[in-house]
Every structure is written in structure tokens, then in C-alpha cells.
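I am opening my notebook on a new model. My entries below go from the overall build to single residues.

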Amino acid sequence: MPVAIHATEKALFKVFSNDFAFSIPAYQRPYAWTREQASELLTDLLSLVMF
């Protein structure tokens with residue numbers, strides 16, 4: 001049976017607060033970030049708050 005997903009906008013600080021609990025099932029393949037990928041993510045996030 002499919003699970004319905006409902007999207008809403010949330011402030012970024014709320015997403016990283018204790019209001020949200022994220023878990024990754026053990027059966028999913030682990031993912032390792034490279035320095036370049038982490039830097040690109042940080043640059044993208046900073047560009048959003050620096051406008």
C-alpha cells in the first residue's frame with residue numbers, strides 16, 4: 001500500500017531542530033560525501049541566506 005507524502009514549507013532552522021526526526025533504514029546503501037560535494041551544498045545554502 002503506497003504512503004502519501006504531503007509537502008509544506010518549513011524554516012531551515014526548524015528542519016534542523018529537534019522538531020524533526022530523521023532515520024535512514026539499515027538496508028539503504030550508505031552514502032559518503034566528498035569535500036567537493038559538502039562545499040557545494042554549503043555554498044548553495046549560504047547563497048540563499050545572503051541575498
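I looked up the protein and found 15 Å, whereas a compact globule of 51 residues would have a radius of gyration near 10 Å. I also noted that the C-alpha trace spans about 40 × 25 × 20 Å along its principal axes.

A note on sources: this is a predicted model, where local features need pLDDT of at least 70, side-chain atom pairs count only at pLDDT 80 or more, and totals for chains, interfaces and linings use all residues. Residues are numbered from 1 along each chain as its sequence is written, and side-chain values use heavy atoms, with hydrogens and water left out.

Next, secondary structure. I count 2 helices and 0 strands; these are DSSP runs numbered from the N terminus (H or I of at least four residues for helices, E of at least two for strands).

How much of the protein is buried? I find that 0% of the 51 residues count as buried, where buried means under 20% relative accessible area, exposed over 50% and partly exposed in between (1.4 Å probe, protein chains only). The accessible surface comes to about 5700 Å², by the Shrake-Rupley method with a 1.4 Å probe. Carbon and sulfur atoms own 63% of that surface.

Then I looked at the nonpolar patch on the surface. Its members include L12, F16, Y31 and W33, and together the patch residues have about 1100 Å² of accessible area. Patch residues have over 30% relative accessible area and no salt bridge, with nonpolar side chains (Val, Leu, Ile, Met, Phe, Trp, Tyr) joined within 5 Å and like charges within 9 Å. Helix α2 (residues 35–49) gives the most, with 6 residues. I checked L45, which sits in helix α2 and counts as partly exposed at 33% relative accessibility.

On to charges. I find 1 salt bridge, meaning a side-chain nitrogen of Lys or Arg within 4 Å of a carboxyl oxygen of Asp or Glu. D19 pairs with K14, and their closest N and O atoms are 2.4 Å apart. D19 is exposed at 52%, while K14 is partly exposed at 34%.

Last, I visited I5, in the segment before α1 (12–15). I5 is exposed, with a relative accessible area of 77%. I5 and V15 lie 10 residues apart in sequence and 16 Å apart in space, C-alpha to C-alpha.

How values were computed:
Rg over C-alpha atoms; globule rule 2.2 N^0.38 Å.
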